[in-house]
Amino acid sequence: MRDPANIKGGFSGELRHGSTPTLLVVDFQRGFTEQGISPLWSNCDSQIEHTNALIKAIRPVGNIIFTIICYDDNFIDAGKWLEKAESLRTLRRGTAASELDPRLDYDPAKDLVLYKTQASAFFGTPLNGILATMKTDTLIVAGATTSGCVRASVVDAMQYGYAPFVALDCVADRSPAQHQSNLIDMASKYAEVQDNTQLLTYLRGL
């Protein structure tokens, strides 16, 4: 999946799994996963099913964090991004669009939900400190969208020193072309992209 030009440019290394994984599920909320609520929607049925398989496998050995992107009614907290994406106005706090997809195996007694306003799960949130407290050394990333909030979170994870592993079967995008392009770029430069067979083998071996 890596780009040959990037390999030629020296992006040929490989990240290794650690012993303390965290699963970061980015913005699998109803505004992104349920048709009719927001134009940001795309079909995430398969991705949610595969994410639940990862959730089941990681519970005995790691941690699970979900993110939701949403805004105050006045949208001041959206900042300049609103000028590029008017559809963000559908993601108001307290509405159906800002609820986790009910198909996810979320456990409020064990899992954390972080609310964010920008693309990266790290920007303006306590995620870095939480991951450090959990002693996370492997960050498995699922969610939506591959080219947007997933990618931004993966790049920041690398910059903060957490080895990112993009869950190939668990990420979705409205644009098939952008989905594929960003998977290739992340695999080349910032992360390992692995399917559920690889990730489940790793988790079950801990």
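How many bridges join β5 to strand β6? Three, and the two strands run parallel. β6 covers residues 192-194. One of the bridges has A167 with Q194 as its partner in β6.

Ground rules, quickly. This is a predicted model: local features need pLDDT of at least 70, side-chain atom pairs count only at pLDDT 80 or more, and totals for chains, interfaces and linings use all residues. Residues are numbered from 1 along each chain as its sequence is written, and side-chain values use heavy atoms, with hydrogens and water left out.

Terms next. Helices (H or I, at least four residues) and strands (E, at least two) are DSSP runs, numbered from the N terminus. Two strands pair if DSSP finds at least two bridges between them.

Now the other neighbour of β5. Strand β4, residues 138-144, pairs with β5 in the parallel sense, over six bridges. T138 has A163 as its bridge partner in β5. From β4 the chain crosses through α6 to β5, and this β-α-β crossover is right-handed. Right-handed means that, with the strands pointing away from the viewer, the path from the first strand over the helix to the second runs clockwise. β5, helix α7 (residues 176-189) and β6 also make a right-handed β-α-β unit.

Is β5 mostly covered or mostly open? Mostly covered: eight of its 10 residues, 163-172, are buried. Buried is under 20% relative accessible area, exposed over 50%, partly exposed in between, with a 1.4 Å probe and protein chains only.

On to the rings. The structure holds four aromatic pairs. Rings of Phe, Tyr and Trp (its six-membered ring) pair if their centres lie within 6.5 Å; planes under 30 degrees apart are stacked, over 60 edge-to-face, the rest tilted.

Take F66 and Y106. They are edge-to-face, 5.5 Å centre to centre, with 90 degrees between the planes. F66 sits in strand β2 (residues 63-69), Y106 in the loop between α4 (81-84) and β3 (112-116), 40 residues apart. F66 counts as buried because its relative accessibility is 0%. Y106, at 33%, counts as partly exposed.

F122 and Y160 are stacked: 5.1 Å centre to centre, 20 degrees between the planes. F122 lies in the loop between β3 and α5 (127-133) and Y160 in helix α6 (residues 146-160), so the pair ties together parts 38 residues apart in sequence. F122 is buried at 5%; Y160 is partly exposed at 44%. Ring pairs link F122, Y160 and Y162 into a cluster.
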